[in-house]
Amino acid sequence: MRGVNQIVGRSVGGLLVSVLTAPVTIAFDAISYACAAVAIGRIRGARATTAVRSASGVWSAAAAGVRHVLGNRLLRPMTMEGALTNFATTLTLTILPVLFVRELGMTEWALGLFLAIGGCGALVGAIGARWLGERFGLGRMLWITGAVASFAGCFVPMLGSGSLLWPAAVAWALITAKTGIGNVLAVSLRQAATPDHLMGRMNATFRFLLTGALAVASVLAGALGELVGVRAVLWVSAGAFAVSWLVVFLSPLRFLRELPAEHGNQL
């Protein structure tokens with residue numbers, strides 16, 4: 001579903017910006033969030049009654065999640081790889097509008113189409129992830145797809161108008177396909193390697209670290225774009241992709257063929 005949203009949302013968004021201008025498109029976006037809030041508010045279900053944790057209990061629970069993630073030989077490299085991938089992807093996504101519209105003079109519709117091609121890659125990757133993991137091994141697919149994304153990342157900074165647009169678009173689709181595959185396999189592995197009582201804490205730790213990488217990359221993209229130029233940001237992104245797959249390749253994940261049967265075996 002996320003891949004479908006990336007295809008439809010970004011392509012339609014580019015079209016709306018071209019036809020209705022950016023402020024009107026943002027207004028439509030705000031309305032869509034309001035509709036989502038109303039839809040969620042209409043959901044009815046039983047509410048579980050839970051005891052309110054003290055402040056010390058919250059911090060203790062958070063620390064337990066961090067210890068589990070960073071102390072696990074499979075989850076630790078996944079955290080580093082995921083943070084680097086999010087960092088690299090956000091650098092590219094933040095700076096692409098500037099490159100397309102301001103430097104290359106291309107339309108917002110072209111930008112939306114480029115990003116929609118990436119959505120296609122994410123959708124195809126997510127659909128094929130399970131089969132690829134079973135066929136070639138879970139750990140092997142994580143580092144192979146990372147290596148492919150690393151190679152593809154070198155073509156995105158060379159993006160230009162005309163014939164140079166399509167190699168970059170294919171490269172971006174390969175990068176997002178890697179993300180789609182990685183999301184399915186990595187989340188499955190995270191759950192299999194975590195006891196039930198630590199599941200929420202593990203997810204919170206991953207969310208904090210991976211989302212934190214998005215925030216850092218967004219700020220850094222703007223700063224680097226202003227100081228050293230748009231293309232330099234894309235090359236930094238390519239460098240982060242190049243490092244991310246090595247984190248998996250040099251870890252025990254490289255030899256993992258299937259999901260662990262028992263949580264304790266991976267510690």
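**Reading helices, rings and burial in a predicted model**

Guide: Met106 lies in the loop between helix 4 (75-103) and helix 5. Keep in mind that this is a predicted model.

Visitor: Is Met106 buried or exposed?

Guide: Relative accessible area under 20% counts as buried. Met106 has 16% relative accessibility, so Met106 counts as buried.

Visitor: Which residues does Met106 touch, not counting residues up to four places away in sequence?

Guide: Met106 touches Phe100, Val101, Ser161 and Leu165. There is also a distance to read here: the C-alpha atoms of Met106 and Gly160 are separated by 9.6 Å, and these two residues are 54 residues apart along the chain.

Visitor: Now the helices. What describes two packed helices?

Guide: Two packed helices are described by the angle between their axes and the distance between the axes. Take helix 5 (residues 108-136) and helix 6 (residues 138-153): their axes come within 7 Å and cross at roughly 115 degrees. Angles of 65 to 115 degrees count as roughly perpendicular, so helix 5 is roughly perpendicular to helix 6.

Visitor: Is the crossing of helix 5 and helix 6 left-handed or right-handed?

Guide: The crossing of these two helices is right-handed.

Visitor: Which residues make the contact?

Guide: Helix 5 contributes Leu132, Gly133 and Phe136, while helix 6 contributes Leu138, Arg140 and Met141. By type, the residues of this contact divide into four nonpolar, one polar and one charged.

Visitor: How many aromatic pairs does the structure hold?

Guide: The structure holds six aromatic pairs. One of them is Trp131 with Phe136: the ring centres are 6.1 Å apart and the planes stand at 85 degrees, so the pair is edge-to-face. The cut-off for that label is an angle over 60 degrees.

Visitor: What is the relative accessibility of Trp131, and what is that of Phe136?

Guide: Trp131 has 52% relative accessibility and therefore counts as exposed. Phe136 has 31%, so Phe136 counts as partly exposed.

Visitor: Which residues form one aromatic cluster?

Guide: Trp143, Trp245 and Phe249 form one aromatic cluster.

Visitor: Where is Ser150, and is Ser150 buried or exposed?

Guide: Ser150 is placed in helix 6. Its relative accessible area is 11%, so Ser150 is buried.

Methods
Residues are numbered from 1 along each chain as its sequence is written. This is a predicted model: local features need pLDDT of at least 70, side-chain atom pairs count only at pLDDT 80 or more; totals for chains, interfaces and linings use all residues. Side-chain values use heavy atoms; hydrogens and water are left out. Axes are lines fitted to C-alpha atoms, for helices over the stretch in contact, and angles run from 0 to 180 degrees between N-to-C directions. Helices (H or I, at least four residues) and strands (E, at least two) are DSSP runs, numbered from the N terminus. Angles under 35 degrees count as roughly parallel, over 145 as roughly antiparallel, 65 to 115 as roughly perpendicular and the rest as oblique. A crossing is left-handed if the near helix is turned anticlockwise from the far one by less than a right angle, and right-handed if clockwise. Contact means heavy atoms within 4.5 Å. Ala, Val, Leu, Ile, Met, Phe, Trp, Tyr, Cys and Pro count as nonpolar, Asp, Glu, Lys and Arg as charged, and the others, Gly among them, as polar. Rings of Phe, Tyr and Trp (its six-membered ring) pair if their centres lie within 6.5 Å; planes under 30 degrees apart count as stacked, over 60 as edge-to-face and the rest as tilted. Buried means under 20% relative accessible area, exposed over 50%, partly exposed in between (1.4 Å probe, protein chains only).
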